[in-house]
Amino acid sequence: MSPRLTYRRRHSYNTKSNKVRIKRTPGGRLVYHYLKKRVKPTKCGDTGSKLHGITAARPKKLMSLPAYKKKVSRAYGGCLSAKAVRMRIIRAFLIEEQKIVHRVLKAQQGGKKK
């Protein structure tokens, strides 16, 4: 059975923000070492895939990072992946093409009736 250990800080509940590991010191004592929360990479809002070129860090660390580590130089860089942006551009282009075709067909129909 492991020896009883006490938390070293004031927070006394076993919550997500208070995780610890047991470590043996050079003097032979067992003590708690506090762990930081796991870092998750930034995900694309559309596809859910990891965004390349963006540093994975906790929010507080992200605040102090320079801008070039938090985004890429592209439209929606840092929010959407390149694949998602490409698909949005293609979709917008095709919708515009469809509108033009619809307008042309309507004009032809109007010309035949008169």
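Student: Which residues line the largest pocket?

Tutor: The largest pocket is lined by K16, S17, N18, L35, K36, K37, V39 and R58; a pocket here is an open set of points on a 1 Å grid over the protein atoms alone, where a 1.4 Å probe fits, with protein on both sides within 12 Å along at least five of seven lines, and lining residues have an atom within 4 Å of a point. Please keep in mind that this is a predicted model, in which local features need pLDDT of at least 70 and side-chain atom pairs count only at pLDDT 80 or more, while totals for chains, interfaces and linings use all residues. Residues are numbered from 1 along each chain as its sequence is written, and side-chain values use heavy atoms, with hydrogens and water left out.

Student: OK, and how many of the lining residues are charged?

Tutor: The lining of the largest pocket has 4 charged residues, alongside 2 polar and 2 nonpolar ones, where Asp, Glu, Lys and Arg count as charged, Ala, Val, Leu, Ile, Met, Phe, Trp, Tyr, Cys and Pro as nonpolar, and the others, Gly among them, as polar.

Student: New topic: what does K19 touch?

Tutor: Leaving aside neighbours within four places in sequence, K19 is in contact, meaning heavy atoms within 4.5 Å, with N14, H33, Y34 and L35. K19 sits in the segment before β1 (20-24), a strand being a DSSP run of E with at least two residues and a helix a run of H or I with at least four, each numbered from the N terminus.

Student: Is S81 buried or exposed?

Tutor: S81 is buried, because its relative accessible area is 10%, and buried means under 20%, exposed over 50% and partly exposed in between, using a 1.4 Å probe and protein chains only. S81 lies in the loop between α1 (59-64) and α2 (82-113).

Student: How many salt bridges does the structure hold?

Tutor: The structure holds 2 salt bridges, each being a side-chain nitrogen of Lys or Arg within 4 Å of a carboxyl oxygen of Asp or Glu. One of them joins the side chains of R88 and D46, at 3.2 Å from N to O, and this pair links distant parts of the chain, with R88 in helix α2 and D46 in the loop between β2 (30-34) and α1, 42 residues apart.

Student: And where do E96 and K99 lie?

Tutor: Both E96 and K99 lie in helix α2, 3 residues apart, which is about one turn of the helix, and they form a salt bridge whose closest N and O atoms are 3.6 Å apart. E96 is partly exposed because its relative accessible area is 41%.
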